[in-house]
Amino acid sequence: MMARIHISNDASGRIMVSFPYDPSIVTKIKTIEGRRWHPAEKHWSFPNLDGMLNKILTVFGNENVQIDLALKTATSKEKDTPSPLEGEGRGEGYNFEDLRRELVSRKYSYKTIKGYLYYNKDFINHVRKNVSEIKDEDIKDYLVYLAETKGAATSTLNQAINALKFYYGSMLKKKFVYDVKRPRKDKKLPIVLNQEEVGKILTSLDNVKHKAILMLVYSAGLRVGEVVRLKPEDIDSNRMLIHVRGAKGRKDRYTLLSESALKVSREYLNRYKPSHWLFPGPDKERHISIRTAQRIFEMACDHGGVKKEVTIHSLRHSFATHLLENGTDLRYIQELLGHKSSKTTEIYTHVSSRDLMKIKNPLDQILGAEGGGRI
């Protein structure tokens, strides 16, 4: 049986190739330029340049290759949209390896690196110019294109601006990018589940692993990316705390561990005995994916009969709102959620019903307290 070769992205955005040791595959690997061997992790990596994945697949020929879905999707998009610079003699710097290396050296997260590389490549493909020819109008035209043609949200436009400012401003020292004005933020409130709806979602699951995941998200106010990266030692049952490591902004924090979540988590730990990751995926060396956790939540909503347009992140919003309604000080909620600014946490004051429910509606005062019953 041929060895299984797994191809994915590593934390820095490079293409990662791993396989059980086979000298014939190693020989093939060594024919590809740009390769790098990582002895501690026991895998090879390659710069994520246009055409690199196809080059790797061509070298492997008929070997049994498994490509990570995210990498496969990104590659198929690149194939469907050929670079407008091909064949035009505009080859300088468009792999943005200098940008990638700078971001990695500054310890930016994998998600940020991926986003910054994407928007800089997309910008160049849109304007069809060399880097040295870029002007402020080109950036403004690109932002208009994202807003009008692509229907990009404010957060997307801000990420694109951050990506372009970092490359053209911080790295290439072009001053014009600092004149680019940011769009006005959408003032949308988070959708919050009431406590009854949370109960329906959490009790609808029979799978103890799935139940433990969602219970920890809600009871600790975790981001989905935080719960999938938990390790067994992060659960501190003596102090009833959860240690969240390397969260958004590369910050560690402690948050609450509830008795109910601990009970279900212990049942799960005793049954499955995970070692490295608290919630491993099919490959025990990797944690479950964010998308898997999202599907678990969607399934729980369906089984629990919850019809609101919510995501797994709504459990975090609901945790914060319910704490506020129970009288918890906003400063403590800020610490539990890991918010850098108190202004971010203050949004929950707008969705909390604690004080709103005390207000006597003038219509009821006019017509009497009978009302029309619940809808």
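Biologist: Which residue forms a salt bridge with D236?
Modeller: R239 does. The closest N and O atoms are 3.7 Å apart. Keep in mind that this is a predicted model.

Biologist: How many salt bridges are there by this rule?
Modeller: The count comes to 13. R223, E226 and R253 are linked in a network of them.

Biologist: What about R100 and E97, how far apart are N and O in their salt bridge?
Modeller: The distance is 2.8 Å. Both residues sit in helix α4, three residues apart, so about one helical turn separates them.

Biologist: Are those two buried or exposed?
Modeller: R100 is buried, and E97 is too.

Biologist: And where do R271 and E267 lie?
Modeller: In helix α11, residues 259–272. They are four residues apart, about one turn. R271 is partly exposed, at 49% relative accessible area. E267 is partly exposed as well, at 40%.

Biologist: Switching to strands. What is the order in the open sheet?
Modeller: β6-β7-β8, with antiparallel pairing. β6 and β8 stand at the edges with a single partner strand each, so one side of each has no neighbour in the sheet. Two bridges join β6 to β7.

Biologist: Which residue in β7 stands opposite I235?
Modeller: I242.

Biologist: Now helices. At what angle do the axes of α9 and α12 cross?
Modeller: Roughly 95°, and the axes come within 10 Å. That makes α9 roughly perpendicular to α12.

Biologist: Which residues meet there?
Modeller: H210, I213 and L214 in α9 meet I296, F297, M299 and A300 in α12. Six of the contact residues are nonpolar, one is polar and none is charged.

Terms used. Residues numbered from 1 in each chain as written. Predicted model: local features only at pLDDT ≥ 70, side-chain atom pairs only at ≥ 80, totals over all residues. Heavy atoms only, no water. Axes fitted to C-alpha atoms, helices over the stretch in contact; angles between N-to-C directions. Parallel < 35°, antiparallel > 145°, perpendicular 65-115°, else oblique. Contact = heavy atoms within 4.5 Å. Nonpolar A, V, L, I, M, F, W, Y, C, P; charged D, E, K, R; others polar. Pairing = 2+ DSSP bridges. Salt bridge = Lys/Arg side-chain N within 4 Å of Asp/Glu carboxyl O. Buried < 20%, exposed > 50% of the residue type's maximum accessible area, 1.4 Å probe, protein only.
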